[in-house]
Amino acid sequence: MGKITGFLEFEREHEASEDKRERVKHYREFVGHLTDEQAATQGARCMDCGTPFCMNGCPVNNIIPDWNDLVFRQDWANAAATLHSTNNFPEFTGRVCPAPCEEACVLRINTDPVAIKSIEHAIADRAWSEDWVKPQPPARRTGRRVAIVGSGPAGLACAQQLARAGHGVVVFEKNDRIGGLLRYGIPDFKLEKSHVDRRIEQLVAEGVAFRAGVCVGNQRPGKGITDWATGTIAAGKLLGEFDAVVLAGGAEQPRDLSVPGRDLEGVHYAMEFLPLQNRRVAGDAGVPDLWATGKHVVVIGGGDTGSDCVGTSNRQGAKSVTQFELLARPDDPAFNPVWPYWPIRLRTSSSHEEGARRDWAVATSEFLGEGGRVTALKAVRLKWQEGRMSAIPGSEFTLPADLVLLAMGFVSPVRSLLQAFGVEMDERGNAKAATDGASGYATSVPKVFAAGDLRRGQSLVVWAIREGRQCARAVDEFLMGSSELPR
Ligand SMILES: Cc1cc2nc3c(=O)[nH]c(=O)nc-3n(C[C@H](O)[C@H](O)[C@H](O)COP(=O)(O)OP(=O)(O)OC[C@H]3O[C@@H](n4cnc5c(N)ncnc54)[C@H](O)[C@@H]3O)c2cc1C
Ligand code: SF4
C-alpha cells in the first residue's frame, strides 16, 4: 500500500477524452491516459484491503492492489510484468472492459472506487511504448499439435498460452482477418486495430500459425468438403491432424425480432452493420453500401452492441438516433446494496454522450414500409406487472425509421460448427463443457475443448481471455499429464 491515507486525500480522476463534438468526426480512439502523477495518486487511493474484492470481481483475477502500489512508486516495469502475469492482453481490457473490478472495490461501498481500469490502460500502453512486451517463445517444443477454431480473445489467449507451453498451435479463422469481435465487432473508436495487429505479431513470433479465411466444419453446398486452399476444412480433418482441438468460435447467432415487416429493406442485425465500418477504416475496397448517413436510425437493444451502433451512426451522420430498451430505466441509487457484485443501474456510454434519444420499457410491434423499404416502426410502452413487462393499453406510437439495427444480443454459437464436431450442447445451445474438475473445458467429444462465448454464451472480452487461459491449461494437462500454465 503506497500511501496509507491516499483514499482520504485524493479524489477519483478520469482519463481526459476528446470533446464529443470533435470525436464524432472520426473513428479514432479519443480517450487519453492518466499522467504519471495522476496514475500515482489514483494508485495511492487503493486501500490494499486484506481481502481484495476487486481481484475477485476481475474475471482474470488481476493482482490489482500490487500494481496499484507499483504505479504509486512509479515502478512501471514491474507493474507491467505483474499485469501480464494474469492477463494476456491488458491493452484490450484497459480500453473496453466494463470494469467489474471497480464495482467490487471496497471504496465503492460509500464513495468512488479506485480508477482500476484507467491504471491498467496506462500500464499496458506504457509496456508497449517502452518495448517491454517481447515474444516469449518456449524453451522446448513438445511435438504436440493443437488446432484452435476462432481468433477472438478466447482463441488468442488460448493460443498464446499453449504456444508458450511448447505446443504447435494453428488458429483457424473464417474471416479474412484475425481478431474475432476485437476486429469486426468493437468499433475502432473504442479499440484501434493496430493493438490487435501487434499482438498477432507477438503470437506469430512465439510460434502460433494463423489460417485466416478458412471456415471449419462447414460444407459448401454442392461442392462437398474442400480443403485448405478453398477456404473450408472438415472437422474430421482437424481431428485427424491435431492432438487436440479447441472450439472458440464465439456466440454468433443473433437474437431476431419476428414482427410484421421484418423482411423490409433497411432492417438489419447490428453485426451486418458494424463490421462494414471497421472494414472501411481498415481501408478495404468494395465494402457494401449500408450507411446511417442522413437516416433516422432506431437501434433496438440497450447493451454494448447497441451502444456501438449509436456511436457508429452518429459518426456516419445520421439524422436522428433513437435506442430502445425493453426493460425499465434502472434506478441509480447512490448506495447500491448489491456490492461487491455487478449492480443494475443506469450506464451511459461515451456513444450515448455523443447523442441519442434513449427510450426504456418499449417493445417494437411492427416495421412499416413503402416500396419494400422500412420507413417507420410501431411500438408500445411497457410496464412491470405481475412479474413481467406488459403492454400499456393505448400507449402505441409510431416513429420514423429509415434504418433499424437489431442489437438484442446473441442467443448461442452457430450450431453448424458444434454439429460438425458432434459436440453436445447445453439447454441454451452453447457447447456443453464444465470449467472445473479433471475434465475442465472438455466437451462430450474426446480431445475437443471449448472456450469463450461459444461455451459460456455472449459475454465480455475479459471473460474470453480467462476462458482461453484456463482452457489452455486443461489442454496442456490433457496432452502432457500435468501443466505448469497458470490456472
Ligand atoms: C458489437 C460488439 C461490441 C462489444 N463490445 C464489448 C466491449 O466493449 N467490452 C467487452 O468486454 N466485450 C464486448 N463485446 C463482447 C466481446 O467482444 C465478446 O464477448 C468476445 O469477443 C468473445 O470472445 P470469443 O473469443 O469467445 O469470440 P469472438 O470474439 O466472437 O471470436 C470468435 C471467432 O471465431 C470465428 N469462427 C466462428 N465460427 C468459425 C468457423 N466455423 N470456422 C472458423 N472460424 C470461426 C469467428 O469468425 C470469430 O472471429 C462486444 C460484442 C459485440 C458483438
Ligand atoms: S480486466 Fe476488467 S475487471 Fe479486470 S482489472 Fe481490468 S478493468 Fe478490471
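## Terms and model

The axes are lines fitted to C-alpha atoms, for helices over the stretch in contact, and the angles run from 0 to 180 degrees between N-to-C directions. Helices (H or I, at least four residues) and strands (E, at least two) are DSSP runs, numbered from the N terminus.

This is a predicted model, in which local features need pLDDT of at least 70 and side-chain atom pairs count only at pLDDT 80 or more, while totals for chains, interfaces and linings use all residues. Residues are numbered from 1 along each chain as its sequence is written, and chains are lettered from A and ligands numbered from 1 in the order in which they are written.

## Domains

The protein chain is divided into domain 1 (6-129), domain 2 (145-252 + 411-480) and domain 3 (256-408). These bounds come from an automatic or database domain assignment. The centres of domain 1 and domain 2, taken over C-alpha atoms, are 29 Å apart.

Domain 1 puts 16 residues in contact with 20 residues of domain 2. Contact here requires C-beta atoms, placed from the backbone, to lie within 7 Å. On the side of domain 1 that touches domain 2, 9 residues are nonpolar, 3 polar and 4 charged. In this scheme Ala, Val, Leu, Ile, Met, Phe, Trp, Tyr, Cys and Pro are nonpolar; Asp, Glu, Lys and Arg are charged; the others, Gly among them, are polar.

## Helix 5 against helix 6

Helix 6 spans residues 76-84. The axes of helix 5 and helix 6 come within 8 Å and cross at roughly 165 degrees. The two helices are therefore roughly antiparallel to each other. Their crossing is left-handed. That label applies if the near helix is turned anticlockwise from the far one by less than a right angle; clockwise gives right-handed.

Helix 5 brings Asp-66, Trp-67, Leu-70 and Val-71 to this contact. Helix 6 answers with Trp-76, Asn-78, Ala-79, Thr-82 and Leu-83. By class, the contact of helix 5 with helix 6 has 6 nonpolar, 2 polar and 1 charged residues.

## Helix 3 and its partners

Helix 3 (residues 36-44) packs on helix 5 (residues 64-72) at an angle of about 135 degrees, with the axes 7 Å apart. Helix 3 and helix 5 are therefore oblique to each other. Helix 3 passes helix 5 in a left-handed crossing. Ala-39, Ala-40, Gly-43 and Ala-44 of helix 3 meet Asn-68, Asp-69, Val-71 and Phe-72 of helix 5. This contact has 5 nonpolar, 2 polar and 1 charged residues.

Helix 3 also meets helix 9. Their axes come within 10 Å and cross at roughly 135 degrees. This pair is therefore oblique too, and the crossing of helix 3 and helix 9 is left-handed. Ala-39, Gln-42 and Gly-43 of helix 3 touch Ser-118, Ile-119 and Ala-122 of helix 9. The classes here are 3 nonpolar, 3 polar and no charged residues.

## Ligand 1

Ligand 1 is surrounded by 39 residues. The closest are Gly-150, Gly-152, Gly-180, Gly-250 and Gly-452. Helix 10 (153-164), strand 2 (168-173), strand 4 (215-216), helix 15 (304-316), helix 18 (453-456) and helix 19 (461-480) each give two or more residues to this shell. A residue counts as near a molecule if its C-beta atom, placed from the backbone, lies within 6 Å of it.

The shell around ligand 1 has 18 nonpolar, 14 polar and 7 charged residues. Domain 2 and domain 3 both give residues to it, so ligand 1 lies between them.

## Ligand 2

For ligand 2, the shell holds 13 residues, the closest being Cys-58, Thr-93, Cys-97, Cys-101 and Lys-117. Helix 8 (100-104) and helix 9 (116-129) are the elements that give two or more residues. Helix 9 gives the most, with 3 residues. By class, the shell around ligand 2 has 9 nonpolar, 2 polar and 2 charged residues.

## Backbone details

A cis peptide bond joins Trp-339 and Pro-340, with omega about 5 degrees. Pro-340 sits in the loop between strand 10 (320-325) and helix 16 (350-353).

Ala-361 is not a glycine, yet has a positive phi of about 55 degrees. Ala-361 is found in the loop between strand 11 (357-360) and strand 12 (362-370).

Key
Parallel < 35°, antiparallel > 145°, perpendicular 65-115°, else oblique. Contact = placed C-beta atoms within 7 Å.
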